[in-house]
Amino acid sequence: MKIRIFETDPNAAPKKRVSFPDDVVGRVRSGKAIDGRPVGLSTWRITTGDPDVANAVANAFGGEVAEWETSKEDNLEVVTKTDTLPVIISSPEVISARLVLWGMGGVKIHECDGVTFLDEERYGQPCGCPELLAERKAAARRGHGPKPDVQIRFRLANDPELGEFRFHSASWDFLTYLHIYQSELEEVGGPARCDLVLEKVSFVPKGGEMAGHTVSYRRPVLRVLGAAS
Ligand SMILES: [Zn+2]
């Protein structure tokens with residue numbers, strides 16, 4: 001049966017397919033909440049509100065299209081079978097980074113570039129964050145200091161017509177390599193073919209609970225490969 005609500009109210013019909021307020025068709029994620037707890041994944045997960053996008057992603061990178069619980073528009077998810085996503089990044093400007101501390105109820109407590117505030121009220125004033133990276137990480141871990149919020153927009157190299165996707169990262173690793181990625185993108189001087197990789201890192205801690213055992217995790221890495229054809 002076809003819905004006929006727009007025959008009687010044509011102006012109410014959306015002019016284009018479901019998209020986010022900022023026009024990305026989906027989000028690329030490195031984790032998933034399981035029983036309310038964030039869990040890192042070993043393969044990329046893509047969420048979208050558009051069934052066509054979800055199917056295209058599942059066809060290209062494996063995985064099943066499924067619904068997941070969210071209050072946002074991207075209610076479909078595909079946990080793909082790949083840890084390497086071929087993407088096209090149009091310029092270094094599509095990467096943005098800040099440090100943010102969120103409080104109860106989603107209130108922004110601290111937003112800075114590491115040295116000065118970025119929020120409108122206190123823009124440019126010294127933010128008081130620690131100088132050393134290790135101290136910044138420790139403050140963030142204790143919930144006192146802001147965490148990285150890096151955002152990248154890109155298209156999928158295999159299907160650029162699908163639209164733009166967004167990836168957010170709270171990884172300190174990703175943040176600390178960002179200036180290298182940006183200068184590599186600048187060198188390309190135009191749309192660049194890149195791989196967004198969930199790279200496996202293994203190490204053996206000397207102390208703590210896991211001392212002497214191999215611990216592995218995944219971290220997001222951007223490989224800039226050259227000019228997009
Ligand atoms: Zn700060």
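The C-alpha centres of domain 1 and domain 2 lie 29 Å apart. The domain assignment places domain 1 at residues 18–82 and domain 2 at residues 99–148. The model described here is a predicted one. Its secondary structure comes to 4 helices and 11 strands, and the C-alpha trace spans about 65 × 45 × 45 Å along its principal axes.

**Confidence and overall figures**

- The mean pLDDT of the protein is 91, and 96% of the residues reach 70 or more.
- Of the 229 residues in the protein, 21% are buried.
- Among contacts between residues at least 6 apart in sequence, 56% join residues at least 24 apart.

**Helix 2 and its buried side**

- Helix 2 covers residues 51–61, and its buried residues are Val-53, Ala-54, Ala-56, Val-57 and Phe-61.
- These residues lie on the same side of helix 2, because the arc they cover around the axis is only 165°.
- An α-helix has 3.6 residues a turn, so residues three or four places apart point the same way.
- After helix 2 comes Gly-62, which has a positive phi near 80°.

**The largest nonpolar core**

- The largest nonpolar core has 30 residues, and those with the most contacts inside it are Val-28, Val-57, Val-87, Ile-89, Phe-165, Cys-194 and Leu-196.
- Two or more residues of this core come from each of strand 2, helix 2, strand 4, strand 5 (84–89), strand 8 (147–156), strand 9 (165–169), helix 4 (172–188) and strand 10.
- With 5 residues, helix 2 gives the most to this core.
- Leaving aside residues up to four places away in sequence, Val-87 touches Phe-154, Arg-155, Leu-156, Ala-157, Cys-194 and Leu-196.

- Strand 9 has a covered face made of Phe-165, Phe-167 and Ser-169, whereas Arg-166 and His-168 form an uncovered face.
- In a regular strand, the side chains alternate between the two faces of the sheet.
- Strand 1 and strand 9 run parallel and are joined by 3 bridges.
- Within this pairing, Gly-26 has Phe-165 of strand 9 as its bridge partner.
- Strand 8 pairs with strand 9 in the antiparallel sense, over 5 bridges.
- Phe-167 in strand 9 has Ile-152 standing opposite.

- Strand 6 (residues 95–102) and strand 7 (residues 108–112) form an antiparallel pair over 4 bridges.
- Leu-99 has Cys-112 in strand 7 as its bridge partner.
- The hairpin has 5 residues between the strands, and Gly-105 takes a positive phi near 65° there.
- Glu-111 also lies in strand 7.
- Glu-111 counts as partly exposed because 19 C-beta neighbours lie inside 10 Å, while a buried residue needs 20 or more.
- Beyond its neighbours within four places in sequence, Glu-111 is in contact with Arg-98, Val-100, Phe-117, Leu-118 and Asp-119.
- Glu-111 and Pro-148 are 37 residues apart along the chain, and their C-alpha atoms are separated by 9.9 Å.

- Asp-35 is found in the loop between strand 1 and strand 2.
- Asp-35 has a positive phi of about 50°, although it is not a glycine.
- Asp-35 is exposed because it has 5 other C-beta atoms within 10 Å, and the exposed class holds residues with 12 or fewer.
- Lys-200 has its place in strand 10 (residues 192–203).
- Lys-200 counts as exposed because it has 11 C-beta neighbours inside 10 Å.
- Not counting residues up to four places away in sequence, Lys-200 touches Ser-216 and Arg-218.
- The C-alpha atoms of Lys-200 and Val-100 are separated by 26 Å, and the two residues are 100 apart along the chain.

Definitions and conventions: Residues numbered from 1 in each chain as written. Arc of directions from axis to C-beta. Pairing = 2+ DSSP bridges. Contact = placed C-beta atoms within 7 Å. Core = buried A, V, L, I, M, F, W, Y, C linked by C-beta atoms within 7 Å. pLDDT = per-residue confidence, 0-100. Domains from an automatic or database assignment.
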